[in-house]
Amino acid sequence: MRVLLTGAAGFIGAHIHRKLRDAGHEVVGIDLMLAAAHGGEAEPPYGVERVDIRDPEGLDTCLRGVDAVCHQAAVVGAGVSAQDAPAYASHNDLGTAVLLAAMDRARCRHLVLASSMVVYGEGSYRNSLGAAAVPPSRRIADLDDGRFDHLDAAGQPLAWDPVDEDAPLRPRSLYAAGKLAQENYAAAWAFATGSTVTALRYHNVYGDHMPRDTPYSGVAAIFRSMLEAGESPRVFEDGCQARDFVHVSDVAAANLAALERPLDGFVPLNIASGQPITIGEVATVLAAAHGGKAPVVTGEYRAGDVRHIVASPERARRALDFTAAVAPAAGLADFASAPLRAVVGRGAPAWR
């Protein structure tokens with residue numbers, strides 16, 4: 001296939017670029033090279049052109065002869081403040097809408113969309129009797145007192161349950177709101193044009209050439225940066241927050257599978273390892289593999305964080321024959337010494 005890959009110079013996009021080329025596909029790679037992600041003087045790498053996905057004319061040129069689009073371009077992270085909202089709306093949501101319109105003009109009918117587990121908000125839970133439970137948002141007063149778990153009516157902690165793709169979508173951050181908007185635009189486009197969209201809901205992605213510590217980094221990279229500075233990884237809450245960490249090589253493999261196996265209409269899929277791990281365990285594995293200081297559980301919290309969110313990867317296995325190959329314990333141990341990207345720009349990019 002001839003594939004247009006947006007965000008081709010990014011952490012995930014660069015891995016996908018190599019995966020597609022190794023599989024024999026022709027890749028048209030584009031990236032705006034935002035200073036917030038790549039630094040102020042960064043130039044596109046070989047095989048990638050500087051194109052803004054909000055530019056219709058630029059996209060029309062890139063889409064000539066393209067069979068499918070793999071859309072990874074995005075401003076990432078939960079957002080540091082409400083002032084980041086225009087950047088997320090402009091680059092992620094408007095950018096996706098402009099891309100979809102350009103795909104329609106080019107009669108390109110197959111899209112693989114990078115989405116995220118953040119669209120779910122809170123994960124799935126069960127009470128002490130095994131019944132499904134939908135907890136309210138955690139109260140600041142409880143977090144201040146070190147009560148991090150959701151409790152059932154009997155005062156017992158709610159247990160996490162794997163989240164499947166039919167779970168309610170309740171975004172809790174600026175980034176999450178934008179990701180859900182991207183999904184909604186793509187689903188409406190698929191219905192209106194008879195196209196196919198596979199929305200890959202990534203869980204916590206990590207791996208080589210991940211950006212170093214920035215306000216928008218993933219927690220694995222932040223822990224790495226602390227260890228390299230000779231510090232103990234600082235683990236928020238009590239360290240028992242359950243997550244799913246998926247290696248970037250598996251994310252690239254999932255994108256290849258989704259491009260080569262179009263599904264009918266709009267189909268969201270969890271892309272996850274299927275092997276839950278706590279944040280405290282992540283820090284412990286990294287510290288041991290790095291030979292650094294042991295983690296410190298601080299009891300600090302971020303008000304927008306969810307307690308647990310763990311994925312069910314079953315639908316991706318059935319639909320794409322995709323199963324993650326890298327177990328989190330082994331992958332994180334390797335990540336402790338993997339090369340990272342140099343420190344990049346700080347803060348969200350301008351939205352205009």
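In this predicted model, helix H7 meets helix H9 through Val219, Ala220, Phe223, Leu227 and Glu228 on the H7 side and Ile279, Val282, Ala283, Leu286, Ala287 and His290 on the H9 side. By residue class, this contact of H7 with H9 comprises 9 nonpolar, 1 polar and 1 charged residue. H7 covers residues 219-228 and H9 covers residues 279-290; the two pack at an angle of about 40°, and their axes are 10 Å apart. H7 is therefore oblique to H9. The crossing of H7 and H9 is right-handed.

**Helix pairs**

Two packed helices are described by the angle between their axes and the distance between the axes.

| Helix pair | Angle | Axis distance |
|---|---|---|
| H7 (219-228) and H9 (279-290) | about 40° | 10 Å apart |
| H1 (11-22) and H8 (248-260) | roughly 55° | within 9 Å |
| H4 (85-105) and H6 (174-193) | roughly 15° | within 9 Å |

For H1 and H8, the axes cross at roughly 55° and come within 9 Å. This angle makes H1 oblique to H8. The handedness of the crossing of H1 and H8 is right-handed. From H1, the residues in contact are Phe11, Ile12, His15, Ile16, Lys19 and Leu20, while H8 contributes Val248, Val251, Ala252, Ala253, Asn255, Leu256 and Leu259. Sorted by class, the contact of H1 with H8 holds 10 nonpolar, 2 polar and 1 charged residue.

The axes of H4 and H6 cross at roughly 15° and come within 9 Å. Because angles under 35 degrees count as roughly parallel, H4 is roughly parallel to H6. H4 passes H6 in a right-handed crossing. On H4, the residues that meet H6 are Ala85, Tyr88, Asn92, Asp93, Thr96, Ala97, Leu100, Met103 and Asp104; their counterparts on H6 are Leu174, Tyr175, Gly178, Ala181, Gln182, Tyr185, Ala186, Trp189 and Thr193. The contact of H4 with H6 divides into 11 nonpolar, 5 polar and 2 charged residues.

**The second largest pocket**

A volume of about 270 Å³ is computed for the second largest pocket. Its lining consists of 18 residues, and those that lie nearest the centre of the pocket are Gly123, Ser124, Ala133, Val134 and Arg170. Strand S6 (124-126) and strand S7 (132-133) are the elements that give two or more residues to this lining. S6 supplies the largest share of the lining, with 3 residues. In terms of residue class, the lining of the second largest pocket is made up of 10 nonpolar, 3 polar and 5 charged residues.

Technical notes:
Residues numbered from 1 in each chain as written. Predicted model: local features only at pLDDT ≥ 70, side-chain atom pairs only at ≥ 80, totals over all residues. Heavy atoms only, no water. 1 Å grid on protein atoms, 1.4 Å probe; cavity = no way out; pocket = protein on both sides within 12 Å on 5 of 7 lines; lining within 4 Å. Points joined across faces, edges and corners; volume = space filled by probe spheres on them. Helix = DSSP H or I, 4+ residues; strand = E, 2+ residues; numbered from the N terminus. Nonpolar A, V, L, I, M, F, W, Y, C, P; charged D, E, K, R; others polar. Axes fitted to C-alpha atoms, helices over the stretch in contact; angles between N-to-C directions. Parallel < 35°, antiparallel > 145°, perpendicular 65-115°, else oblique. Left-handed = near helix turned anticlockwise from the far one by under 90°. Contact = heavy atoms within 4.5 Å.
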